[in-house]
Amino acid sequence: MTERKPLMAGNWKMNLNHFEAMKHVQELAFSLNDKDFDAVDVAVLVPFTDLRSVQTLVQGDKLRIRYGAQDVSEHASGAYTGDISAAMLGKLDCAYVVVGHSERRQYHGETDALVAAKALAALKHGITPIVCVGEHLDVRKSGEHVAHCVEQTRGSLAGLSADQVKASVIAYEPVWAIGTGEVATPEDAQEVCAAIRAELASLFDESVAAATKILYGGSVKGANAAELMAQADIDGALVGGASLDAADFTRIIRYRDAAVAAS
Ligand SMILES: O=C(CO)COP(=O)(O)O
């Protein structure tokens, strides 16, 4: 039996200014209750410019919503114009930071080695990195998707200790399913998440494989969250578009209700 508490993380991407962020977090907090937070960890991953406002709101109102950023520098400090360090995110009490999202890999040329360095920087400051991996459509069509994602996982965790991997989250996001409405079937998502978990067992040991959360991301909505969450190796979701809608994000967080209704 798995003890992994599900995590539903909303990646807002480049949406919502700090005023809109506060309104959205308030709306989300209003629609969730203690039972939801007891069952599922809920996080919002917001633009840097929203962090301070979200922190003030979450701490002022003692909300159980966690928050974090969408990227972090691999460097500690210095002449890196435009970058934000893990120490800065730590000062804002960020619980999470996304590293290696496919959009950063695609538009900013991020490599597995850089992603691993960013994950290490986050961990050093007590921030959980959400390490993203996933294949493009051509790789999926060639049938190489499992090998590709396993390789990407290995590269993106290079240099992390067993304990550091346990303190991380891995997100499998097939690029062809992101923002397209094209969700991977639960079986497709499970296949890759299981392979990633098996890789953790072979890189480290069974305890690392059993403890590390693996999320699925790519067109997750209230309507499909339950069937994805029914898979043995899927421990939550990294949600883009649907996380901008408090009602739909709430349905995702309450995926168990949909599962009950369907049975
Ligand atoms: O990239 C994603 C989350 O990080 C997924 O985005 P969508 O949920 O909009 O497909």
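This is a predicted model: local features need pLDDT of at least 70, side-chain atom pairs count only at pLDDT 80 or more; totals for chains, interfaces and linings use all residues.
Let's start in the middle. The largest nonpolar core here has 76 residues. If you want landmarks to click on, the residues with the most contacts inside this core are A9, V97, I130, V131, Y172, A237 and I252. Which helix gives the core its largest share? That is helix α6, residues 112-124, which supplies 7 residues.

Let me pick one of those landmarks, V131. Leaving aside residues up to four places away in sequence, V131 touches V99, G100, V115, A119, S156, L157, S168, I170 and A171.

Now to the ligand. There are 14 residues around the ligand, and the ones that come nearest are N11, I178, G217, G240 and G241. How many residues of this shell are nonpolar, polar and charged? The shell divides into 5 nonpolar, 8 polar and 1 charged.

On to the helices, and I'll take α8 first, residues 145-156. Which residues of α8 are buried? They are H145, C149, Q152, T153 and S156. Looking down the axis of α8, these buried residues fall within an arc of 100°, so they line one face of the helix.

Next is α1, residues 18-31. With 14 residues at 1.5 Å each, α1 should span 20 Å, and its end C-alpha atoms are 20 Å apart, which agrees. The buried residues in α1 are A21, H24, V25 and L28. They cover an arc of only 100° around the axis, which puts them on the same side of α1. The face of α1 turned away from its buried side carries two exposed phenylalanines, F19 and F30. As for the buried residues of α1, what covers them includes β2 (41-45), α3 (51-60) and α13.

That brings us to α13 itself, residues 246-253, where F249, I252 and I253 are buried. Here too the arc is only 100° around the axis, so these three sit on the same side of α13. I252 is also one of the core residues with the most contacts.

D71 lies in the loop between β3 (66-69) and α4 (86-91). Is D71 buried or exposed? A residue needs 20 or more other C-beta atoms within 10 Å to count as buried, and D71 has 20, so D71 is buried. D71 and V99 are 28 residues apart in sequence, yet their C-alpha atoms are 5.6 Å apart in space. Beyond its sequence neighbours up to four places away, D71 touches V98 and R104.

The other is R140, in helix α7. R140 is buried as well, because 20 other C-beta atoms lie within 10 Å. Its contacts, again not counting residues up to four places away in sequence, are E135, H145, P174 and W176. R140 and W176 are 36 residues apart along the chain, with 8.8 Å between their C-alpha atoms.

Now a bit of backbone. Most residues other than glycine have a negative phi. K13 has a positive one, near 55°. S219 does too, at about 60°. K13 lies in the loop between β1 (7-11) and α1, and K13 is partly exposed, with 19 other C-beta atoms within 10 Å. S219 is in the loop between β7 (213-217) and α12 (225-229), and S219 counts as buried because 20 other C-beta atoms lie within 10 Å.

Last one: M14, also found in the loop between β1 and α1. M14 counts as exposed, because 7 C-beta neighbours lie inside 10 Å. Its C-alpha atom is separated by 36 Å from that of S207, 193 residues apart along the chain.

How values were computed. Residues are numbered from 1 along each chain as its sequence is written. A residue is near a molecule or strand if its C-beta atom, placed from the backbone, lies within 6 Å of it. Ala, Val, Leu, Ile, Met, Phe, Trp, Tyr, Cys and Pro count as nonpolar, Asp, Glu, Lys and Arg as charged, and the others, Gly among them, as polar. A nonpolar core is a set of buried Ala, Val, Leu, Ile, Met, Phe, Trp, Tyr and Cys residues joined through C-beta atoms within 7 Å. A residue is buried if 20 or more other C-beta atoms lie within 10 Å of its own, exposed if 12 or fewer, and partly exposed in between; C-beta atoms are placed from the backbone. Helices (H or I, at least four residues) and strands (E, at least two) are DSSP runs, numbered from the N terminus. Two residues are in contact if their C-beta atoms, placed from the backbone, lie within 7 Å. The arc is that of the directions from the helix axis to the C-beta atoms. The expected span of a helix is 1.5 Å times one less than its number of residues.
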